[in-house]
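This report describes one protein chain from its overall form down to selected local features. The sequence and structure are shown first.

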Amino acid sequence: MAAELSTSINIKEPRWDQSTFVGRAKHFFTVTDPRNILLSDAQLEKARQIIHNYKQGIVTPGLTEDELWKAKYIFDSAFHPDTGEKMILIGRMSAQVPMNMTITGCMMTFYKTTPAVVFWQWINQSFNAIVNYTNRSGDAPITVNQLGTAYVSATTGAVVTALGLNALSKHVSPLLGRFVPFAAVAAANCINIPLMRQRELKHGIPITDENDNRLGESSKAAQQAITQVVISRILMASPGMAIPPFLMNTLEKKAFLKRFPWMSAPIQVSLVGFCLVFATPLCCALFPQKSSMSVSRLEPELQEKIRASHPGVERVYFNKGL
């Protein structure tokens with residue numbers, strides 16, 4: 001008869017060493033696995049129950065260590081790390097590849113006319129707004145007004161950037177014109193993410209010591225978290241929006257696409273999808289999910305509070321969001 005699984009496994013942290021890029025990459029290849037969006041509510045609830053029980057010191061009969069970690073990653077893929085609420089399906093990181101490959105592929109296929117640019121940039125920013133809200137850091141709610149402002153501002157910024165660059169691209173080579181959607185997406189990320197997470201910038205995000213004891217809320221930590229997310233999101237989009245234009249520019253000169261021009265969109269979507277399968281987890285892994293900063297970089301009043309109540313603490317930790 002197999003021995004019962006030990007209750008000493010630390011499932012509050014990922015399975016792999018998060019101080020290394022390789023460890024974080026393994027973690028995010030699991031978190032962003034598109035197959036996770038196919039899991040039923042019953043499977044998600046089963047994983048949630050296994051993790052909840054394990055944290056209480058209750059081991060599900062017959063549970064192995066591999067099954068525990070599988071439940072942990074299923075749980076992490078669908079439930080917010082700070083609030084514990086089930087995340088919106090298309091806002092989960094496991095939906096990033098199928099959603100982004102479709103939207104990005106279409107943005108890059110239908111970029112020549114104004115209606116197409118407006119429509120696909122609007123679709124993309126609507127999706128981004130859901131993702132940014134779903135993967136925000138902290139457990140404080142965001143108001144409808146804040147959501148609306150972020151959504152309208154990011155969509156407007158993306159559309160204006162795309163239309164402006166489209167106008168300029170008429171005077172350059174067709175290849176350069178294909179990069180207009182990427183420039184618009186990069187600009188929109190710089191607008192959308194900070195606006196969607198503006199409450200964090202105003203009021204701060206929860207910071208803890210290395211043992212997860214909450215020490216307060218910091219706007220400085222929020223600034224670092226959001227900067228890291230903006231960088232990783234732009235780089236995440238880069239391969240899928242930078243490599244296919246060169247390939248499509250060559251393919252469209254070949255006889256096959258001249259004969260079957262309707263195949264352009266499926267091929268472009270597939271190329272983007274292939275890039276995103278690798279770019280999504282690898283760019284998520286650029287910075288640790290549990291980010292940290294020195295106490296000396298926090299707000300002066302927060303520094304004083306921490307040094308008075310926790311004199312030995314030199315670094316604080318926080319969930320940067322995704």
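## Basis of the description

Helices (H or I, at least four residues) and strands (E, at least two) are DSSP runs, numbered from the N terminus. Residues are numbered from 1 along each chain as its sequence is written. The model is predicted, so local features need pLDDT of at least 70, side-chain atom pairs count only at pLDDT 80 or more, and totals for chains, interfaces and linings use all residues, while side-chain values use heavy atoms, with hydrogens and water left out.

The pLDDT is the predictor's confidence in each residue, from 0 to 100. Its mean over the protein chain is 81, and 93% of the residues reach 70 or more. Where pLDDT is low, the predicted coordinates should not be read in detail.

## Overall form

The protein chain comprises 13 helices and 4 strands. Along the principal axes, the C-alpha atoms fill a box of roughly 65 × 55 × 35 Å.

Of the 322 residues, 48% are buried (buried means under 20% relative accessible area, exposed over 50%, partly exposed in between, with a 1.4 Å probe and protein chains only). Contact means heavy atoms within 4.5 Å; of the contacts with a separation of 6 or more, 75% join residues 24 or more positions apart.

In helix α13 (residues 300–309), the buried residues are L302, Q303 and I306. Seen down the helix axis, they fall within an arc of 105 degrees, so they line one face of α13; the arc is that of the directions from the axis to the C-beta atoms. These buried residues pack against β1 (205–208), β2 (214–218) and β4 (315–319). On the other side of α13, P300, E301, E304 and A308 are exposed.

The loop between β1 and β2 contains D212. Phi of D212 is near 70 degrees, a positive value in a residue other than glycine. D212 counts as partly exposed, at 38% relative accessibility.

## Annotated spans

An unreviewed UniProt entry annotates residues 230–247 and 267–287 as "transmembrane region"; such annotations may be inferred rather than shown by experiment. In the model, residues 230–247 are 100% helix and 0% strand, with end C-alpha atoms 27 Å apart. Residues 267–287 are 86% helix and 0% strand, and their end C-alpha atoms lie 32 Å apart.
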